[in-house]
Amino acid sequence: MDIPADSSLPTIRSAIDEIDNGIVDLLGQRARLIDRVAQLKRARGQPVRDPVRESAIMDRLRAAAQAAGVDPEVITGIYRLIFDEAVRRQTSHAADDQCP
């Protein structure tokens, strides 16, 4: 999203709000996919955590962050939370023995 350099504070904040809403929508999509992953893992007897995949994702996202001018440590912290939530969701579904 390109915002002209001479934009007003409310205009810039509105653009930030749109981005934030998009992030939340994407996290919702990710959560629904995690539910499907949980079903597949449970059906195949696979563990909830996949440290090799998590490490590969983290490496890829840290590189993407660096290229985008975002501190990779920020991305690491955010994705640790996202991974923890994914594990919580999958574990919860396994305990309930159901996925939406």
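This briefing covers the pockets and one surface patch of the structure above. The model is predicted. Its largest pocket holds about 430 Å³ of space. The second largest pocket has a volume of about 250 Å³. A nonpolar patch on the surface has about 610 Å² of accessible area in total.

**Largest pocket**

- The lining of the largest pocket counts 19 residues.
- Nearest its centre lie Ile34, Val37, Lys41, Arg53 and Gln90.
- H1 supplies the largest share of the lining, with seven residues.
- By class, the lining of the largest pocket has ten nonpolar, seven charged and two polar residues.

**Second largest pocket**

- From H1, H2 and H3 come at least two lining residues each in the second largest pocket.
- The residues lining the second largest pocket are Ile23, Leu26, Leu27, Arg30, Arg53, Ile57, Arg60, Leu61, Ile78, Tyr79 and Ile82.
- Eight residues of this lining are nonpolar and three are charged. No polar residue takes part.
- Arg53 belongs to the lining of the second largest pocket, and Arg53 is also among the residues nearest the centre of the largest pocket.

**Nonpolar surface patch**

- The patch is formed by Met1, Ile3, Ile12, Ile16, Ile19, Ile23 and Leu27.
- Ile3 sits in the segment before H1. Ile3 counts as partly exposed because its relative accessible area is 35%, between the cut-offs of 20% and 50%.
- Ile16 sits in helix H1. With a relative accessible area of 43%, Ile16 is likewise partly exposed.
- Ile16 and Met1 are 15 residues apart along the chain. Their C-alpha atoms are separated by 9.7 Å.
- Ile23 and Leu27 belong to the patch, and Ile23 and Leu27 also line the second largest pocket.

**Arg88**

- Arg88 is located in helix H3.
- Its relative accessibility is 45%, so Arg88 counts as partly exposed.
- Arg88 and Val48 are 40 residues apart along the chain. A distance of 9.3 Å separates their C-alpha atoms.

Definitions and conventions: Residues numbered from 1 in each chain as written. Predicted model: local features only at pLDDT ≥ 70, side-chain atom pairs only at ≥ 80, totals over all residues. Heavy atoms only, no water. 1 Å grid on protein atoms, 1.4 Å probe; cavity = no way out; pocket = protein on both sides within 12 Å on 5 of 7 lines; lining within 4 Å. Points joined across faces, edges and corners; volume = space filled by probe spheres on them. Helix = DSSP H or I, 4+ residues; strand = E, 2+ residues; numbered from the N terminus. Nonpolar A, V, L, I, M, F, W, Y, C, P; charged D, E, K, R; others polar. Buried < 20%, exposed > 50% of the residue type's maximum accessible area, 1.4 Å probe, protein only. Patch = residues over 30% accessible without salt bridge, like charges linked within 9 Å, V, L, I, M, F, W, Y side chains within 5 Å. Areas by Shrake-Rupley, 256 points an atom, 1.4 Å probe, with all protein chains shown as cover. Salt bridge = Lys/Arg side-chain N within 4 Å of Asp/Glu carboxyl O.
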